[in-house]
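The following paragraphs lead through the arrangement of strands and helices in the structure displayed below. Please keep the sequence at hand while reading.

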Amino acid sequence: MKQIRYLFAAVIITVALGGCSNASSKKAESSDAAAQHSDEHVEMTVGGSCGMCKERIEKTAKAVEGVATAEWDQSKQQLHLHIDAGKTSREAISKALAAVGHDTELDKAPDEVYDALPDCCKYR
């Protein structure tokens, strides 16, 4: 009977230690993954003039792969972003915004795209 108890205790200890080592290796793997996906705050100047511009700017920025959040401040003409720097860049977001008619500090929207914006969105 004592042998069964010792055997049972040994099995429980072995299982418990095995579970702990798996958990620590999973934590290490998730830490490595987090390091590869670095969250970076990016701020850029984006031209716009109204609520429709705000919606367009934020929607366009969020559509770029790697952009987690986008918030445009109309009064300051500033776009605040949280991005995965491994998936996108300030340059890629700037080009996407210019393509829908909004000048940034890096890119100017093509005149034909800007001219097609609603009158309330003309900021130049």
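Two strands are said to pair if DSSP finds at least two bridges between them. Helices (H or I, at least four residues) and strands (E, at least two) are DSSP runs, numbered from the N terminus. The model is a predicted one, in which local features need pLDDT of at least 70 and side-chain atom pairs count only at pLDDT 80 or more, while totals for chains, interfaces and linings use all residues. Residues are numbered from 1 along each chain as its sequence is written, and side-chain values use heavy atoms, with hydrogens and water left out.

Three strands form an open sheet in the order 1-3-2, with antiparallel pairing. Strand 1 (39–45) and strand 2 (67–73) are the edge strands, each pairing on one side only. On average, neighbouring strands of this sheet are turned by 15 degrees against each other, direction ignored; axes are lines fitted to C-alpha atoms, for helices over the stretch in contact, and angles run from 0 to 180 degrees between N-to-C directions.

Strands of a sheet pair through backbone hydrogen bonds, either parallel or antiparallel. Strand 1 and strand 3 (residues 78–84) pair in the antiparallel sense over 7 bridges. Here methionine 44 stands opposite leucine 79 in strand 3, and threonine 45 stands opposite glutamine 78. Strand 2 is joined to strand 3 by 6 bridges, again antiparallel, and threonine 69 stands opposite histidine 82 in strand 3. The hairpin of strand 2 and strand 3 has 4 residues between the strands, and in it glutamine 77 takes a positive phi near 60 degrees. Strand 3 is mostly covered, with 5 of its 7 residues buried; buried means under 20% relative accessible area, exposed over 50%, and partly exposed in between (1.4 Å probe, protein chains only).

Which strands does helix 3 touch? Helix 3 (residues 90–99) packs on the sheet and touches strand 1, strand 2 and strand 3, its direction making about 45 degrees with that of strand 1; contact means heavy atoms within 4.5 Å. The buried residues of helix 3 are Ile93, Ser94, Leu97 and Ala98. They lie on the same side of helix 3, because they cover an arc of only 135 degrees around the axis; the arc is that of the directions from the helix axis to the C-beta atoms. These buried residues pack against strand 1, helix 2, strand 2, strand 3 and helix 4 (111–115). After helix 3 comes glycine 101, whose phi is positive, near 105 degrees.
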